[in-house]
Amino acid sequence: MSTVDWARLQFATTSIYHFLFVPLTIGLAFLTALLQTRWHRSGEAAYLRLTRFFGTLLVINVAVGVVTGLVQEFQFGTNWSGYSRFVGDVFGAPLAMEGLAAFFLESVFLGLWIFGWNRLSRRVHLATIWAVAVGSALSALFIMAANSWMQHPVGYTLNSAGRAQLTDVWALFTNPVFIWGYLQVILASLVVGSVVMLGVSAWHLRRLSSPDVFHRSAKIAVAVLLPAILLAMVVGDELGVIEAKYQPMKIAAAEAQWTTCQPCSFSMFQIGGGNGDHTPTKIIQIPHLLSLLATNHWNGKVIGLDELNAQYQQQYGPGNYVPNVFIQYWSMRVMAYLAVVVFLLALWGAWLLWRRRLERSRWFLRVAVWAIPVPFIISIAGWMLTENGRQPWIVQGLQLTKDANSPTVGTAWIVTSLVVFVLLYAVMGIVDWWLMARYARRELAPDEAEPAPEEAEQDSQALEFIY
Amino acid sequence: MTLAEVWFVLIAVLWVGFLVLEGFDFGVGALHGVLGRDEAGRETALGTIAPVWDGNEVWLVVAGAGMFAAFPGWYATMFSAMYLALILLLVALILRGVAIVLRGKQEGPGWRRRWSAALIAGSVLAPLLIGIALGNLLRGLPIGSDQEFTGSFWDLLQPYALYTGLTVVVLCLLHAAAFVGLKTVGPVHDRADRTGRMLGPLAAAVVVGFAAWTLATASPGAGGWIVALVAVAAVLVAAVAIGRGRDGLAFGATAVTTAAVVGSIFVNLYPRVMVSTTGPADDLTIQNTSSAHYSLTVMTWVAGVLLPVVLIYQGWTYHVFRRRLGAPVAATPTAQIPSPRPAAEQPAGKHRTDPGRTHARDH
């Protein structure tokens, strides 16, 4: 493996890991804010208990999310200085905005929320969790604006030194890839958060631990999950069309479509189909479906990988411009198939709720617990589809990944740091997962009333809640 | 003043702000075992930073992202040249960040001891590495005419840079002693005072050495002299004030010292951003590493609008948590023996009535 390959492996490993925590943070922050709002409106103690219960899971999760995000920010400079030099003028701006507009908001108000229970008025305290939720969603907004620029660069010129230079900042935020990609990320985060909330609630309902309380969280989770997964599928479809327009390789590779077709069918499975195998055995072909997914037209044309590659060679010089087809094909299917599974789960839950049988349906509750990992796999597969499909470009059409790494950083350093991160992340992952599971299975604290202000005045520590 | 110069100042302010704020977080992390004799005391010490450390750390994130956006050439050269040091810094920051949050999530001395060890290691290593990195910016690293680093890892370990690292660590410890003195009452406060009295003279000596070495290294202008004098004056005030009941003055003085020490690096760098030992022609400067005018304009607007807002709500956080924290006079049995339910599971609405815990009072 070359130095660039190691650097890519490091980036892929650390960003996939980071992305296990990001959508859960966004989703859980929103759901916790929702629970606290319901408590604020209704005054029912059950919602206060749920707020604290799921808030604790949020806090444990944020800790790991934040520190792994730091690694991502540093890595552009340490491992990809060629890239940083080339695009810093454009790519750095949304990154800096993320820090100023979003990350400060999220971090400062999370501290206020955790420790502010007895010190802030109820209304202000409610506002702090909403600030956390908005901050985490804004964070994703700026990161997606930066990422979308790599998929479809807009609003820039190349200066005399051959570097990208920002000319229109609004273009970054009106980039169609950004708009649809961002919607997709937010919806996917709501899916992750609500599936986790549903699964945890189901675990408790099965054991009849505080069923009157967890019944409510299960209900809210289903109410968020059903529209979120439905919209995520619609938005994902539109995103596919946009990507097919700007990054035709990405979509052609997702079907392992080597020859141009019109109309094009979608295969459910295939045997073979790596980059060396141009005639994989496709199984169960659905006519016209690929045309629909890629172009929104019944008889749409999808240009094959071979033709695209020849076209790119003419445009950008000799080289191989086809991404890893095997990863592309399967990450797309894993994402799509599991999304359908989650959608069916949401439908089932909604039907049970309507029949008022959710808390008694042993099978549903069992499946809901098992479903917890599914949305995480979906979001990882989604990122693999997006980022692998961009290769061999780091910025589509502008810079190749092989020209983007740090020229002065040798393989040995990268391998060393990769090993360090993998070990550290593994330990953190195990501890985090174990703690989350432990706290998720904990019985609810007994009924509690809100502390009276004068009581709070005397509270010297008030740190019991989380720390 | 060009926009690029504005951004140089902003980056300097972000680094200074980061070390003034996170400096006491680092110090409290490193000293929490010393400041709290028992678990309750350690909790009190950590309680002083618990609500704010995460927000403080964002200053680093914004400083890094600001360099990326405003000076991509600087960011690319510095971060790739200091590769191993920065990876180690990340490890340190990860360890301590996770440790602060997870330490209290389980009962049991083994769990707490392990996370405490991680917290101490991370809290010492992080400021040390940041200091070494800042020292290297001013002392210079081998950089070629293509702005690429031409040296090896060992070039980072030059005496001036190591000494800068040491200075930053010592300052973080003193700053933390002053902060905990300001934020607590009872035995933790007393231990912070005692620690501060011991650290004061040491820090004064270290800062005087740093100021002298910096002046000898940098051929400073008037600004360089002023900031060096401020650093020395402030650390002397801190050394005198700390442990003598002047909690507010002591903390103010350690904050000024930290700001002056970190600021002196940037004051002496100007108009360079990173010195090249290959030759002055290869120095990285504000001019030859900055982004173009349009990009800087956009960012200036964004920072101009948002930074004051951030300062207001972050300042408000400190106001909300302004009360001093107390701790038992001596180790009470309740602090040692695990309660039936872990602390984190206590409903916050029902306060534990540990007889040993004194009530907080406003200051």
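A salt bridge here is a side-chain nitrogen of Lys or Arg within 4 Å of a carboxyl oxygen of Asp or Glu. With that rule, B:E39, B:R42, B:E43, B:R103 and B:R112 are linked in a network of salt bridges.

Some ground rules before I go on. This is a predicted model, where local features need pLDDT of at least 70 and side-chain atom pairs count only at pLDDT 80 or more, while totals for chains, interfaces and linings use all residues. Residues are numbered from 1 along each chain as its sequence is written, chains are lettered from A in the order in which they are written, and side-chain values use heavy atoms, with hydrogens and water left out.

One of its links joins B:R42 to B:E39, at 3.6 Å from N to O. Both residues lie in helix 2 of chain B, residues 39–47, and they are 3 residues apart, about one turn of the helix; helices are DSSP runs of H or I with at least four residues, strands are runs of E with at least two, and both are numbered from the N terminus. B:E39 is buried at 11% relative accessibility, and B:R42 is partly exposed at 22%. Buried means under 20% relative accessible area, exposed over 50%, and partly exposed in between, with a 1.4 Å probe and protein chains only.

Over all chains, the count is 14 salt bridges. A:R390 pairs with A:E387, with the closest N and O atoms 2.4 Å apart. A:R390 is buried at 7%, and A:E387 is buried at 18%. A:D403 and A:K402 meet at 3.7 Å, N to O. There, A:D403 is partly exposed at 43%, whereas A:K402 is exposed at 55%.

Now the interface. How many salt bridges are there between chain A and chain B? The count is 1, and the side chains that meet are A:R85 and B:E148, at 3.4 Å from N to O. On the chain A side, helix 2 (45–78), helix 3 (81–115), strand 2 (164–166), helix 14 (411–441) and helix 15 (453–457) each supply at least two residues that touch chain B. Helix 3 of chain A gives the most, with 23 residues.

As for extent, 84 residues of chain A are in contact with 86 residues of chain B, contact meaning heavy atoms within 4.5 Å. The area buried between the two chains is about 7800 Å², and carbon and sulfur atoms give 70% of that. Buried area is the accessible area, with a 1.4 Å probe, that two parts lose on being put together, summed over both.
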